[in-house]
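Q: Could you take me on a close look at the aromatic side chains here, and at what surrounds them? I am new to this one, so please go step by step.

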Amino acid sequence: PLENAWYHYALQCLKNIAETLGDIESAEDLSSRIRAHRHHCEKLWNGKGFIGEGKTEYDDRGNAVAVLAGLCDEEKYADITETLFSVRNSSPYMEYYVLEALCKIGEFALAEKRISERYREMIDEDYSTLWENWIKADGTSNHAWSGGPLVILSRHIAGISPVLAGYESVEIKPQYALHNH
């Protein structure tokens, strides 16, 4: 599911670029590829998430990118929520995508709770840096790719997002209903 979701995401991005550049022929070709690939990916859905052929366990990473790539329709959001919240395979780098997917489907409180649970040891640490891996001794103790929650908290929880390129205009729409941890 992860490789298929990344590929689908890339096709979507290429289509957007083609449309932006006014390359209608390429955009139409990419739309056709997207439809064919989406049909292929539907075979990976089994009711609670996307799962690889012959696999017995879901993966939070593949399912997260599938949501972000548009492979998961809104009517499947309730089904995939448990997989996105409870499966914990992602590294600190991939955690961003899981959190972003939870926010995309409107599960802001679950994203906040997952941040609190997954990053608890780093939060409780005396230092203000984030670790490369979940276990501090397994990598460096100051790694930028672990900062996904900072983006999630500012964009989705505080609700700060650009309206115009370069943040020339911004929207501030915080999630007031979330509880404190």
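A: The charged end of R88 sits over the ring of F85, at 5.0 Å from the ring's centre. Keep in mind as you look around that this model is predicted.

Now for rings that meet other rings. A pair of aromatic rings is described by the distance of the centres and the angle of the planes. There are seven aromatic pairs in the structure. One of them joins W45 and F50 edge-to-face, with 5.0 Å from centre to centre and 70 degrees between the planes. W45 and F50 are both buried.

Another edge-to-face pair is that of Y93 and Y97, where the centres are 5.9 Å apart and the planes make an angle of 65 degrees. You can find both residues in helix α5, which covers residues 92–104. Y93 and Y97 are four residues apart there, about one turn of the helix.

Finally, let us visit a tyrosine at the surface. Y167 lies in the loop that links β1 (160–162) to β2 (170–172). Its relative accessibility is 53%, so Y167 counts as exposed. With I160, V170 and I172, Y167 makes a nonpolar surface patch of about 400 Å².

Technical notes. Residues numbered from 1 in each chain as written. Predicted model: local features only at pLDDT ≥ 70, side-chain atom pairs only at ≥ 80, totals over all residues. Heavy atoms only, no water. Patch = residues over 30% accessible without salt bridge, like charges linked within 9 Å, V, L, I, M, F, W, Y side chains within 5 Å. Areas by Shrake-Rupley, 256 points an atom, 1.4 Å probe, with all protein chains shown as cover. Salt bridge = Lys/Arg side-chain N within 4 Å of Asp/Glu carboxyl O. Helix = DSSP H or I, 4+ residues; strand = E, 2+ residues; numbered from the N terminus. Buried < 20%, exposed > 50% of the residue type's maximum accessible area, 1.4 Å probe, protein only. Phe/Tyr/Trp six-rings, centres within 6.5 Å; stacked < 30°, edge-to-face > 60°. Lys NZ or Arg CZ within 6 Å of the ring centre and 35° of its normal.
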